[in-house]
Structures are given as C-alpha cells and as structure tokens.
Amino acid sequence: MSEKKLAIIATKGSLDWAYPPFILASTAAALGYETQIFFTFYGLQLLRKKLSLEVTPLGNPGMPMPMAMDKWFPVALTALPGMQSMMTMMMKKKMKDKGVASVEDLRDLCVEADVKLIACQMTVDLFDMDTSDFLDGLEYGGAATFFEFAGESDICLFV
Amino acid sequence: MADFDQELDATGLNCPLPILRAKKALSSMQAGQVLHIIATDPGSVKDFEAFTKQTGNELMESKEEGGKFYFLMKKS
C-alpha cells in the first residue's frame, strides 16, 4: 500500500483555530499518512517556540460562553478590555478539564510523527517576523513549494 | 476477559489523544500481540473502528461497561 498524503494550509492564528490543523495532521500521521502543513499569514503564529494564542468572543456568534452569555450578553461589551484574555483563560481551563490536549502537545506529536511544517517566506518578510522565534527545523518556502507536495496529495485542506 | 500483552489507560483523554497514544503503544509491540485500551471518550468507539480499518490492525473487541469503553486490538 503506497502511503497516502495529506496537505493542509493553516491560515489562522487563534487558540481555537490552532486545533484543526494539528489534530488532523497528528491523526493522519497515526493512520500512516505522509503529512505536510503550510503555514501562511496568521497561521505563522502557530509556529512560535513560545505560543501565546488567544481566543476572542468578538464577532463570533457561534462561540458558546459561560452562563449562556452568548445568548444575552451585548456584542459590544465583548470588546471590553480583558474580555479576550478572560475568555482565553476559560477556554484553556475547559479544554484541560475535558482532556483536550494543549496546542503545544499536539504540535509536539506532529513533529514527533514527522509531519513536515513549512512556513510561508512571504509572510515572514511581510510582517518582519524574526525566524529565531519559530521552531527549529522548519522549512521556509512559497506557494510553489507547497504545490510540489499538495499536487500529489490525496487530501488537501484549507484551514 | 481475553488475554492481552499491553494495556493503555486513555481515560479522561479526548480526541485525538486516545488514537495517538494507541498508535504509540502499538509501535512498541510485536505483530500478533494484543493491546487493551480503556477510554472514556464516547467518540473513541467509532474512532478505533476507523483506525483499525485504515491501519490493518484488528479490533478484536469493543465494549462499554459502566461509562467506560474497552477495546482489544491485535497488532497486524
């Protein structure tokens, strides 16, 4: 059986959206897929050695909140200072209570399972990012680099 | 209960950790050996079925007892 291939593009840099690429990639690797993730724009935040990802309730009507606040709490007030860090803290606690792995753990599992992580060079240049803040051993490349693998993939996802 | 060679306690863990831990445990085992897995994630029932189907390992048993899920998996 030749190895199946999964290619993922990760474009989001928030705590909640960090999960899909790393969950799918680590699971695919466990199922025997050769897997690559291409991180572009805000997705680059997922490659920092020290992650500081947050989740925001602002402009997210689908986000369940404690005490059913998503149903009655005025949207404008979710923009108040401290709301984002409070929601982030609560989300992290909930995940821990429910046995959901941390983003760091899932990312480590991906690295252990030889999931290839590619950082978008253009984004690095665009935002003047310091690559020493990122994980060691990353590959830096552009769209063509991604297509080299994605063109042969069985599954290709944009997250 | 049938015999097994290794046990994995995945209680309290949520998707995809039970699968990932099982994969890790299997990789240290010999072909033909049996892994016993205990989990509390209800999603793990379907997930272990799918996992074995795709990896060629054999799911010998899958049962629920007292809110916990028990699996016997034979390494191919």
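Eleven residues of chain B are in contact with eleven residues of chain A, where contact means that the C-beta atoms of two residues, placed from the backbone, lie within 7 Å. On chain B, the side that touches chain A draws at least two residues from each of two helices, α1 (17–27) and α2 (44–55). Helix α1(B) gives the most, with four residues. Sort that side of chain B by class and you get six nonpolar, four polar and one charged. In this scheme Ala, Val, Leu, Ile, Met, Phe, Trp, Tyr, Cys and Pro count as nonpolar, Asp, Glu, Lys and Arg as charged, and the others, Gly among them, as polar.

Some ground rules before we go on. This is a predicted model, in which local features need pLDDT of at least 70 and side-chain atom pairs count only at pLDDT 80 or more, while totals for chains, interfaces and linings use all residues. Residues are numbered from 1 along each chain as its sequence is written, and chains are lettered from A and ligands numbered from 1 in the order in which they are written. Helices (H or I, at least four residues) and strands (E, at least two) are DSSP runs, numbered from the N terminus.

**Where the helices meet**

Let's look at α1 of each chain. The axes of α1(A), residues 19–30, and α1(B) come within 9 Å and cross at roughly 30 degrees. Axes here are lines fitted to C-alpha atoms, for helices over the stretch in contact, and angles run from 0 to 180 degrees between N-to-C directions. The two helices, α1(A) and α1(B), are therefore roughly parallel to each other: angles under 35 degrees count as roughly parallel, over 145 as roughly antiparallel, 65 to 115 as roughly perpendicular and the rest as oblique. The crossing of α1(A) and α1(B) is left-handed, meaning the near helix is turned anticlockwise from the far one by less than a right angle (clockwise would be right-handed). From α1(A), the residues S26(A), T27(A) and A30(A) meet I19(B), L20(B) and K23(B) of α1(B). That contact has three nonpolar, two polar and one charged residues.

Which residues of α1(B) are buried? They are L17(B), P18(B), I19(B), L20(B), A22(B), K23(B) and L26(B). A residue is buried if 20 or more other C-beta atoms lie within 10 Å of its own, exposed if 12 or fewer, and partly exposed in between, with C-beta atoms placed from the backbone. These buried residues pack against α1 and α4 (103–112) of chain A, together with β1, β2, α2 and β4 of chain B.

| Sheet | Strand order | Pairing | Strands |
|---|---|---|---|
| Chain A | β4-β3-β2-β1-β5 | parallel | five |
| Chain B | β1-β2-β4-β3 | mixed | four |

In chain A, β4 (139–141) and β5 (155–158) stand at the edges with a single partner strand each, so one side of each is left without a neighbour in the sheet. Strands β1 (residues 5–10) and β2 (residues 34–39) of chain A pair in the parallel sense over six bridges, and I8(A) has I37(A) in β2(A) as its bridge partner. Helix α6 of chain A (residues 143–150) packs on the sheet, touching β1, β2, β3 (116–120), β4 and β5 of chain A, and its direction makes about 150 degrees with that of β1(A).

In chain B, the edge strands are β1 (6–10) and β3, each pairing on one side only. Strand β1(B) pairs with β2(B), residues 34–39, in the parallel sense over five bridges, and L8(B) has I37(B) in β2(B) as its bridge partner. Helix α1(B) packs on this sheet too, touching β1, β2 and β4 (68–74) of chain B, and its direction makes about 160 degrees with that of β1(B). Helix α2(B) lies across β2, β3 and β4 of chain B, running at about 175 degrees to β3(B).

**One residue and one whole chain**

M60(B) lies in strand β3 of chain B, residues 58–65. Is M60(B) buried or partly exposed? M60(B) is partly exposed, because 15 other C-beta atoms lie within 10 Å.

Chain A has six helices and five strands, following the pattern β-α-β-α-α-α-β-α-β-α-β along the sequence. Of its 159 residues, 30% count as buried.

Conventions. Two strands pair if DSSP finds at least two bridges between them.
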